Amino acid sequence: MNGQPPNAWPFVRLGLIVTGETEKQCLPDLFRILTSEGNCHFRVLCRVGQRSPRSARNVAKMVGSGKAIPDRDAAEIGRPARQFLRAGGDYVILVDDLEASRAPQANAVFDRYRRALDAMLGVDAVKAAVHFLVNMLEAYYFADANAVNGVLETSLEDDAGDVESIRHPKNRLKELCPAFDERRDGPPIVRALDVVHILSRTDACASLRTMFLWASEATRSTTPIPAGCLFPITKRQIEDLRAAMDPPNR
């Protein structure tokens, strides 16, 4: 097509491992600014329970038994990721909610997920990333009030602050609109969310922006992701991916 070799337009398949019910229902729809280009596809592989940092005692016991990661992490996280990649998938993103109560443990939570992927994927570990929705997917509804208003017939306005700092976004939404039902209303709201608008503030939504930049690199998207702050814990995965995709000349 247009004189390009057959492999000039690769189709990229991304698998999602999620921890939330709404994410299981509709998270691929959040990535439609990337899928609209027609060269990539997102699908949910599985939903897993949230992981917390393991105690020093449990870590010592696990290491003493000769294990690098817990059996549960291998079975529920590492194995689905490995099976997807071996079956022809290209990349995996594990997406967890980072509620306010878990924020102080964010580094340790990230490390636990990261170790599960690294241990099970080996050299392919760079094809998998861990990202957070802060505090949860519903937080981003407050950065695009039009999406909420169109579904719930409310008259909300975009939150003036960084929506990733809203401690209980789901409860707050229910206070503003008691009729809100997560399973019924979540999917159409997510389908209506304008991610470019949500990320238009350079000082907000660092974690969401980092996830989209990683996914944009993986799909080699030409859709610009608005520049701005990045999430310190997860941003290094972007550079790791870039280095793997475009290794320096030796």
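Two residues are in contact when heavy atoms of theirs lie within 4.5 Å. Keep that in mind for the exercises below. This is a predicted model, where local features need pLDDT of at least 70, side-chain atom pairs count only at pLDDT 80 or more, and totals for chains, interfaces and linings use all residues. Residues are numbered from 1 along each chain as its sequence is written, and side-chain values use heavy atoms, with hydrogens and water left out.

**Exercise 1.** Find where Leu-199 lies, and decide whether Leu-199 is buried or exposed.

*Solution.* 
- Step 1: Look in the loop between helix H9 (195-198) and H10. Helices (H or I, at least four residues) and strands (E, at least two) are DSSP runs, numbered from the N terminus.
- Step 2: Recall the cut-offs: buried is under 20% relative accessible area, exposed is over 50%, and partly exposed is in between (1.4 Å probe, protein chains only).
- Step 3: The relative accessible area of Leu-199 is 0%, so Leu-199 is buried.
- Step 4: Not counting residues up to four places away in sequence, Leu-199 touches Cys-205, Leu-208, Arg-209, Phe-212, Ile-225, Pro-226 and Ala-227.

**Exercise 2.** Check the span of H10, and work out how many of its residues are buried.

*Solution.* 
- Step 1: The expected span of a helix is 1.5 Å times one less than its number of residues.
- Step 2: For the 14 residues of H10 this should give 20 Å, and the end C-alpha atoms are 20 Å apart, so the two agree.
- Step 3: Of those 14 residues, 12 are buried, which leaves H10 mostly covered. Among the buried ones are Leu-208, Phe-212 and Trp-214.

**Exercise 3.** Describe how H10 and H11 pack.

*Solution.* 
- Step 1: Axes are lines fitted to C-alpha atoms, for helices over the stretch in contact, and angles run from 0 to 180 degrees between N-to-C directions.
- Step 2: Helix H10 (residues 206-219) meets helix H11 (residues 236-245) at about 5°, with axes 9 Å apart.
- Step 3: Angles under 35 degrees count as roughly parallel, over 145 as roughly antiparallel, 65 to 115 as roughly perpendicular and the rest as oblique. H10 and H11 are therefore roughly parallel to each other.
- Step 4: The contact includes Leu-213 and Trp-214 of H10, and Ile-238 and Leu-241 of H11.
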